Amino acid sequence: MFDDLKNLKQFAGILKELPRMQERMEEVRARLDEVRVTGETGGGAVRCVVTAAMRVVSLDVDPAMLGALVDPAADADREMATDLIAGAVNQALTRAREAAEVEMKQVAADMGIPLPPGG
């Protein structure tokens, strides 16, 4: 019973801090859009830049790769090029997710909010 009261008190404290938490979350969202990470495959033949807010900023493909994409006779080259593009984008998104997680953990720690493992 006393644990329930303790939990209720903690919940009331969180509700009291809600406006400040919302303000901080807006700051984090803005900061995540400024954080840039890069994914790269094929030794730099394909490079993708993504924000920590999961927005693709740029996708650079080596001109030699572009030729493989448009040449109808180059099925194997086209498959390799599309795999490299997908790999670079996925690598950048993974790094963006990791960067966002670091930012969110820092904000939660600053505000004294405990996060569950992996949270």
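Q: How many helices and strands are there in the protein?
A: There are 4 helices and 3 strands in the protein. Helices are DSSP runs of H or I with at least four residues, strands are runs of E with at least two, and both are numbered from the N terminus. This is a predicted model, in which local features need pLDDT of at least 70, side-chain atom pairs count only at pLDDT 80 or more, and totals for chains, interfaces and linings use all residues. Residues are numbered from 1 along each chain as its sequence is written, and side-chain values use heavy atoms, with hydrogens and water left out.

Q: Which pattern does the protein follow along the sequence?
A: The pattern, read along the sequence, is α-α-β-β-β-α-α.

Q: What share of the residues counts as buried?
A: Of the 119 residues, 25% count as buried. Buried means under 20% relative accessible area, exposed means over 50%, and partly exposed lies in between (1.4 Å probe, protein chains only).

Q: And what does the accessible surface come to?
A: The accessible surface of the protein is about 8,100 Å², and 58% of that belongs to carbon and sulfur atoms. Accessible areas come from the Shrake-Rupley method with a 1.4 Å probe, and for residues only the protein chains shown count as cover.

Q: Turning to the largest nonpolar core, which residues touch the most other members?
A: V46, C48, V50 and M65 do, in a core of 22 residues. α2 (18-34), β2 and α4 (75-110) each supply at least two residues of this core, and α4 gives the most, with 10 residues. A nonpolar core is a set of buried Ala, Val, Leu, Ile, Met, Phe, Trp, Tyr and Cys residues joined through side-chain atoms within 4.5 Å.

Q: What is V50 in contact with, leaving aside neighbours within four places in sequence?
A: V50 is in contact with V35, R36, V37, R55, V56, V57, A92, L93 and A96. Contact means heavy atoms within 4.5 Å.

Q: Where is T51, then?
A: T51 is in strand β2, which covers residues 46-51.

Q: Is T51 buried or exposed?
A: T51 counts as buried because its relative accessibility is 0%. Not counting residues up to four places away in sequence, T51 touches L32, D33, V35, R36, V57 and A96.

Q: Which residues of α2 are buried?
A: The buried residues of α2 are M21, V28 and L32. They cover an arc of only 35° around the axis, so they lie on the same side of α2. The arc is that of the directions from the helix axis to the C-beta atoms.

Q: What does the face turned away from that buried side carry?
A: That face of α2 carries the exposed residues P19, E23 and E34.

Q: What about α4: which elements do its buried residues pack against?
A: The buried residues of α4 pack against α2, β1 (36-41), β2, β3 and α3 (63-70). Among the buried residues of α4 are L84, I85, V89, E103 and V107.

Q: How far apart are the end C-alpha atoms of α4?
A: They are 52 Å apart, which agrees with the 52 Å that its 36 residues should span at 1.5 Å a residue. The expected span of a helix is 1.5 Å times one less than its number of residues.

Q: What follows α4?
A: G112 follows α4, and its phi is positive, near 70°.

Q: New topic: how many salt bridges does a search of the whole structure find?
A: The search finds 6 salt bridges. A salt bridge is a side-chain nitrogen of Lys or Arg within 4 Å of a carboxyl oxygen of Asp or Glu.

Q: Which residue forms a salt bridge with R31?
A: R31 pairs with E103, and the closest N and O atoms are 2.6 Å apart. This pair links distant parts of the chain, with R31 in helix α2 and E103 in helix α4, 72 residues apart. R31 counts as partly exposed because its relative accessibility is 32%, whereas E103 counts as buried because its value is 19%.

Q: And which residue does R55 pair with?
A: R55 forms a salt bridge with D33, the closest N and O atoms being 3.5 Å apart. R55 lies in the loop between β2 and β3 (56-61), and D33 lies in helix α2, 22 residues apart.

Q: Where do E101 and K105 lie?
A: Both lie in helix α4, 4 residues apart, about one turn of the helix.
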